[in-house]
Amino acid sequence: MPQPPQQSAPHAQGSPAQQEAAARVMEAGRDLGAAAVLFHNAVAAHMGLTAVEEKALDLILRHGPLTAGELAGHTGLAPSSVTALIDRLARKGFVSRNPDPDDARRVRIAAVPEQLAGFDVLFADFVCRMD
């Protein structure tokens, strides 16, 4: 695929060397972003999830059991989309719906720890290399 012409950062200031360094940092940031998206897509596919499902599961893990509204707030998805997302994750066994201990009218979505073991295999080699 043809590459677009290199452009300096908008409103870049400083010497030509500083402008070049800023352009390289921006390019590295774009490369990192693309690599992260591809990585998460691969992890999700390996686990039988879509990228959106994998990221929603990650949010549930990081923020603890969430209501559908809280998950919608974290993702920016419409409530109806979040309901369908939770339904898919529940069908696949990755989350469970549990009564909210503080409000019986609400349900909290929690990760199912037994299903998460599959992720450990994907990261084992990476973690070992960090030691």
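This report walks through helix packing, salt bridges and a surface patch in a predicted model.

## Ground rules

The model is predicted, so local features need pLDDT of at least 70 and side-chain atom pairs count only at pLDDT 80 or more, while totals for chains, interfaces and linings use all residues. Residue numbers start from 1 along each chain as its sequence is written, and side-chain values use heavy atoms, with hydrogens and water left out.

Start with helix 1 (residues 16–46) and helix 2 (residues 51–63), which pack at about 95 degrees with their axes 8 Å apart. Helices here are DSSP runs of H or I with at least four residues, strands are E runs of at least two, and both are numbered from the N terminus. The axes are lines fitted to C-alpha atoms, for helices over the stretch in contact, and angles run from 0 to 180 degrees between N-to-C directions. Helix 1 and helix 2 are therefore roughly perpendicular (under 35 degrees is roughly parallel, over 145 roughly antiparallel, 65 to 115 roughly perpendicular, and the rest oblique).

Who touches whom? On the helix 1 side there are H40, N41, V43 and A44, meeting A51, E54 and K55 of helix 2; contact means heavy atoms within 4.5 Å.

## Salt bridges

Side chains of opposite charge can pair when their charged atoms come close. With a salt bridge taken as a side-chain nitrogen of Lys or Arg within 4 Å of a carboxyl oxygen of Asp or Glu, the count comes to eleven. One of them joins E20 to R24, with the closest N and O atoms 3.1 Å apart. Both sit in helix 1, four residues apart, or about one turn. E20 is partly exposed at 42% relative accessibility, whereas R24 is exposed at 60% (buried is under 20% relative accessible area, exposed over 50%, partly exposed in between, with a 1.4 Å probe and protein chains only).

E70 and R108 also pair up, at 2.8 Å from N to O. This one links distant parts of the chain, with E70 in helix 3 (residues 68–75) and R108 in strand 2 (residues 103–111), 38 residues apart. E70 is partly exposed at 31%, but R108 counts as buried at 18%. D100 bridges to R106 at 2.9 Å; D100 is buried at 5% and R106 partly exposed at 35%. Put together, E70, D100, R106 and R108 are linked in a salt-bridge network.

## A nonpolar patch

F126, V127 and M130 make a nonpolar surface patch of about 330 Å². Patch residues have over 30% relative accessible area and no salt bridge, with like charges joined within 9 Å and nonpolar side chains (Val, Leu, Ile, Met, Phe, Trp, Tyr) within 5 Å. Accessible areas come from the Shrake-Rupley method with a 1.4 Å probe, and for residues only the protein chains shown count as cover. V127 belongs to helix 5 (residues 113–130) and is partly exposed at 45%.
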